[in-house]
Amino acid sequence: MASPAQITPTAAAAAAKPLITPVRSQFISASTRNAANPTSRREFISLSSGILCSHSIVLSAAVARAASDEEYVKETTEVIGKVKSTVEKEKGDPDIVDAVADLREASNSWVAKYRREKGLLGRPSFRDVYSALNAISGHYVSFGPTTPIPAKRKQRILEEVQSAEQALQRGR
């Protein structure tokens, strides 16, 4: 039995307008609009995007090859020199803050440039320099530029830098 509070549909409600009206597409395909031109908009966009993408692939390949072997060896040797000179500075040296800032800038640019190079990631020179830079930057970020590097950490950093130099001389 139906309760008096229950609402039942009536004929008037069935004849009412729907709440959502269907949306009909206003677009007409390019081939029906212009039968003389067989190229559709979709084909044109596909073709032009393909041309643009191939151009960007060529440019990215040129950028990836910009880091040549000689350039890598030169910049890595410069970073190694900065690491050695910064690590060897004494606590009271007035140039330590500037040296640490210079090393941080050089290491950030070196890492940003070479960490995406797939050909360099397996090299022992890259691995050792990256590890040394990570240890140095971690120390100076945690303790500040005026705090000297502890002897054990300093020894490990210098060993990594030395092995990186040897690897660079061997072309590795």
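The largest cavity holds about 60 Å³ of space, where a cavity is a set of points on a 1 Å grid over the protein atoms alone at which a 1.4 Å probe fits but cannot get out, and a volume is the space filled by probe spheres set on the points, which are joined across faces, edges and corners. The structure is a predicted model, in which local features need pLDDT of at least 70 and side-chain atom pairs count only at pLDDT 80 or more, while totals for chains, interfaces and linings use all residues. Residues are numbered from 1 along each chain as its sequence is written, and side-chain values use heavy atoms, with hydrogens and water left out.

**The cavity**
- A search of the whole structure finds 1 cavity of 30 Å³ or more.
- V100, L103, R104, S107, L133, I136, S137 and Y140 line the largest cavity, lining residues being those with an atom within 4 Å of a point.
- Two or more lining residues come from each of α5 (96-114) and α6 (124-143), the helices being DSSP runs (H or I, at least four residues) numbered from the N terminus.
- The lining comprises 5 nonpolar, 2 polar and 1 charged residues, where Ala, Val, Leu, Ile, Met, Phe, Trp, Tyr, Cys and Pro count as nonpolar, Asp, Glu, Lys and Arg as charged, and the others, Gly among them, as polar.

**Helices α4 and α7**
- The axes of α4 (residues 69-87) and α7 (residues 151-169) come within 11 Å and cross at roughly 155 degrees, with axes fitted to C-alpha atoms over the stretch in contact and angles running from 0 to 180 degrees between N-to-C directions.
- The two helices α4 and α7 are therefore roughly antiparallel to each other, a term for angles over 145 degrees.
- The crossing of α4 past α7 is left-handed, meaning that the near helix is turned anticlockwise from the far one by less than a right angle.
- Among the α4 residues that meet α7 are Y72, I80 and K84, and their partners in α7 include K154, I157 and L168, with contact meaning heavy atoms within 4.5 Å.
- The residues of this contact divide into 10 nonpolar, 2 polar and 3 charged.

**Helices α6 and α7**
- The axes of α6 and α7 lie 8 Å apart, and the helices pack at an angle of about 155 degrees, so α6 and α7 are roughly antiparallel to each other.
- The contact includes P124, D128 and F143 of α6 together with R153, E160 and L168 of α7, and its residues divide into 11 nonpolar, 4 polar and 4 charged.

**Helices α4 and α6**
- With axes 11 Å apart, α4 and α6 pack at an angle of about 35 degrees, and their crossing is left-handed.
- By class, the contact of α4 with α6 has 10 nonpolar, 3 polar and no charged residues.

Conventions: 1 Å grid on protein atoms, 1.4 Å probe; cavity = no way out; pocket = protein on both sides within 12 Å on 5 of 7 lines; lining within 4 Å. Parallel < 35°, antiparallel > 145°, perpendicular 65-115°, else oblique.
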